[in-house]
Amino acid sequence: MEPLSRYDPIIDDPSAFHDACARPLPSVVRVNEIKATPDSVRRAFEEAGVEFEPVGWHDGLFRLGGDESPGNSWPFVHGWVYGQEEVSAVPALALDPEPGERVLDCCAAPGSKTTQLAARMDDRGLLVGNDNNLGRLSALRSNAERCGVSNLVVTRQDARNLSLKYFDDEPFDRTLVDVPCSCEGTIRKNPDAIENWSMDHVEGIAGVQKGILDRSIEITRPGGTVVYSTCTFAPEENEAVLQHAIEQYDCRLVEYDLPLEGVPGLTEWDGETFDESMRNAKRIYPHHNDTGGFFCAKLEVGQ
Ligand SMILES: C[S@@+](CC[C@H](N)C(=O)[O-])C[C@H]1O[C@@H](n2cnc3c(N)ncnc32)[C@H](O)[C@@H]1O
């Protein structure tokens, strides 16, 4: 069986879902509000002859025309825009950091969400961008520099045992947990994404995800916010990981506004039941908004 067919029973229109997964993904850029505004980017694209159209649900995202590539224009080179799949802009909106806060992005490279968080923080406060992959960390650093981010500290730690000793032993106000996953939802960008899909891999990576989410909850202050996201559909990597967290820790799933179409998280899958609050998580399917696939949940740590 083709791996994505295992989701047919939970999807409203399986044939539209499979058709969307087979179509290439539109190229999208996010305006970097540290250096530019949606209006200045619009003018720059018009002057440079770049074809683009606005994305209805977010005024800082533009879809580029046919053959345009995000990296081919001067607004990209100067850090006015960042090439970012539109659905990947959701977790930073859900985390909603304030200028001046202490924010951790524990799996940060190559930095699409880190640079978005820095802009939402008005480049103020402490933003830690952590990843365990050195090559990807250099991409994070160069992307942050291009975007003019100055409130970022980059660290290389295994997020499952991330130490606070470099940060005055103080917990974070908000933590983004954008974990490694089986990447099923990226199939439109990378048709090979699920070539080596196996249940063993899904179960193995779910163990890593649980470890990363556990540690993220431990190092976020009481009353603080943790956002958990993946670009995959597998409930084993989404609801089951959150179920593990709410059983182990004093934390709860809370509602958040999603400005594009999504469906609630699952309360059962393959004979397993999950807490009713799982409905506060959002599943985003490619055929609903012509995007990649995504999962995003917001947790509040107990007081
Ligand atoms: C989904 S990607 C992150 C994408 C990134 N948030 C962005 O928006 O550009 C997951 C990242 O987790 C990193 N990673 C995998 N295992 C990790 C671990 N144990 N600790 C920290 N980072 C890890 C990978 O190197 C990868 O960069």
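**Notes on the ligand site, pocket and cysteines**

1. Around the ligand there are 21 residues, the closest being Lys-113, Asp-131, Arg-136, Ala-159 and Asp-178; a residue counts here if one of its heavy atoms lies within 4 Å of the molecule. Bear in mind that this is a predicted model, where local features need pLDDT of at least 70 and side-chain atom pairs count only at pLDDT 80 or more, while totals for chains, interfaces and linings use all residues. Residues are numbered from 1 along each chain as its sequence is written, and side-chain values use heavy atoms, with hydrogens and water left out.

2. Arg-136 puts a polar side-chain atom 2.6 Å from a ligand oxygen, and Ser-112 has one 2.9 Å from a ligand oxygen.

3. Now the open space. A pocket, on a 1 Å grid over the protein atoms alone, is an open set of points with protein on both sides within 12 Å along at least five of seven lines; a cavity is a set where a 1.4 Å probe fits but cannot get out, and lining residues have an atom within 4 Å of a point. The largest pocket comes to about 1000 Å³, with volume taken as the space filled by probe spheres set on the points, which are joined across faces, edges and corners. It has 44 lining residues, and Pro-110, Lys-113, Arg-136, Asp-178 and Cys-231 are the closest to its centre.

4. What gives two or more residues to that lining? Strand S4 (81–83), helix H5 (112–120) and helix H7 (199–218) do, and H5 supplies the largest share with three. (Helices are DSSP runs of H or I, at least four residues, and strands are runs of E, at least two, numbered from the N terminus.) By class, the pocket lining has 20 nonpolar, 15 polar and nine charged residues; Ala, Val, Leu, Ile, Met, Phe, Trp, Tyr, Cys and Pro count as nonpolar, Asp, Glu, Lys and Arg as charged, and the others, Gly among them, as polar.

5. There is also one cavity of 30 Å³ or more. The largest cavity holds about 40 Å³, and its lining is Val-29, Phe-45, Val-50, Leu-64, Glu-68, Ser-69, Pro-70, Asn-72 and Ser-73. That splits into five nonpolar, three polar and one charged.

6. Cysteines next: the whole structure has zero disulfides, a disulfide being a pair of cysteine sulfur atoms within 2.5 Å. Cys-231 is in none, its nearest cysteine sulfur being that of Cys-181 at 3.5 Å. Cys-231 is buried at 19% relative accessible area (buried is under 20%, exposed over 50%, partly exposed in between; 1.4 Å probe, protein chains only). Cys-251 is in no disulfide either, with the sulfur of Cys-106 the nearest at 14 Å, and Cys-251 is buried at 11%.

7. Two more residues to look at. Thr-230, in strand S9 (residues 220–230), is buried at 0% relative accessibility, and its side chain reaches the backbone nitrogen of Thr-232 at 3.2 Å.

Note on methods: A polar contact is a pair of N or O atoms within 3.5 Å; within protein, one must be able to donate a hydrogen and the other to accept it, and residues adjacent in sequence count only if both atoms are side-chain atoms.
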